[in-house]
Amino acid sequence: MYLEYNFIDDINEITIGNLINWISSHNGTIKHLQLNISSLGGSVSSAITIYNFLKRASFPVTTHSLGEVTSAAILMYLSGRERTAEKISKFVIHPIKGRMNGELSYYQLQELVQLLDADIENYASIVNQETNSLNGHYNLEECLKSKSISLDPSQARACGIITQTSE
């Protein structure tokens with residue numbers, strides 16, 4: 001059975017859990033999944049979880065940008081074997097951020113930096129694997145640490161993010 005799921009939300013444990021539960025509830029009946037995405041991003045950890053889950057799926061996954069695929073949503077989008085986008089859409093990669101609550105000890109700051117470094121490394125690993133390092137158009141490490149990029153569909157296709165243009 002060909003199924004579509006519209007993911008129009010932030011990426012977090014709840015929304016990704018809901019998507020995984022929905023897919024699991026159709027266990028064995030999905031022959032192809034089209035995941036339509038419009039998301040401003042969210043948790044890199046949750047995005048890595050859904051990327052890994054979808055890459056392990058026993059059925060092909062097509063991802064489609066409904067308008068905006070930003071930040072952690074890029075990782076979800078890259079899980080698609082085929083990746084398409086509306087003509088009016090954009091893709092944004094920006095520096096990864098961490099949250100601090102109140103005063104932090106030296107150890108807590110060190111731990112935060114290590115967590116950010118791990119997120120950057122994992123994010124870059126997925127993007128580099130799926131896009132051949134953005135086909136050499138941008139320095140991904142710079143994008144994840146200091147400089148945002150915003151791409152229209154033709155630029156995203158040149159970078160290997162989109163695999164085919166939708167009609």
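**Close-up views of the predicted model**

**View 1. E142 is partly exposed, with a relative accessible area of 35%.** Partly exposed lies between buried (under 20% relative accessible area) and exposed (over 50%), with a 1.4 Å probe and protein chains only. E142 forms a salt bridge with K147, and their closest N and O atoms are 4.0 Å apart. A salt bridge here is a side-chain nitrogen of Lys or Arg within 4 Å of a carboxyl oxygen of Asp or Glu. K147 is partly exposed as well, at 47% relative accessibility. The model is predicted, so local features need pLDDT of at least 70 and side-chain atom pairs count only at pLDDT 80 or more, while totals for chains, interfaces and linings use all residues. Residues are numbered from 1 along each chain as its sequence is written, and side-chain values use heavy atoms, with hydrogens and water left out.

View 2. Helices (H or I, at least four residues) and strands (E, at least two) are DSSP runs, numbered from the N terminus. E141 counts as partly exposed at 46% relative accessibility, and K145 counts as partly exposed at 47%.

**View 3. K90 and E68 form a salt bridge between two strands.** Their closest N and O atoms are 3.7 Å apart. K90 lies in strand β5 and E68 in strand β3 (residues 61–70), so the pair ties together parts that are 22 residues apart in sequence. E68 counts as buried, at 18% relative accessibility, whereas K90 is partly exposed, at 35%. A search of the whole structure finds 5 salt bridges. K55, R83 and E130 are linked in a network of such bridges.

**View 4. The rings of Y5 and W22 form a tilted pair.** The whole structure holds 2 aromatic pairs according to the search. Rings of Phe, Tyr and Trp (its six-membered ring) pair if their centres lie within 6.5 Å; planes under 30 degrees apart count as stacked, over 60 as edge-to-face and the rest as tilted. In the pair of Y5 and W22, the ring centres are 4.9 Å apart and the planes stand at 55°, so the pair is tilted. Y5 belongs to strand β1 (residues 2–8) and W22 to helix α1 (residues 13–25), so parts 17 residues apart in sequence are tied together. Y5 counts as buried at 17% relative accessibility, while W22 is partly exposed at 23%.

**View 5. M76, F91, Y123 and I161 touch the most other members of the largest nonpolar core, which has 49 residues.** Helix α4 gives the most to this core, with 7 residues. A nonpolar core is a set of buried Ala, Val, Leu, Ile, Met, Phe, Trp, Tyr and Cys residues joined through side-chain atoms within 4.5 Å. Leaving aside neighbours within four places in sequence, I161 is in contact (heavy atoms within 4.5 Å) with Y77, L78, R83, F91, T131, L134, L151 and A156.

**View 6. M100, L104 and L109 form a nonpolar patch on the surface.** Together these residues have about 250 Å² of accessible area, by the Shrake-Rupley method with a 1.4 Å probe, where for residues only the protein chains shown count as cover. Patch residues have over 30% relative accessible area and no salt bridge: like charges are joined within 9 Å, nonpolar side chains (Val, Leu, Ile, Met, Phe, Trp, Tyr) within 5 Å. M100 lies in the loop between β5 (90–93) and α4 (106–131). M100 is exposed, with a relative accessible area of 51%.
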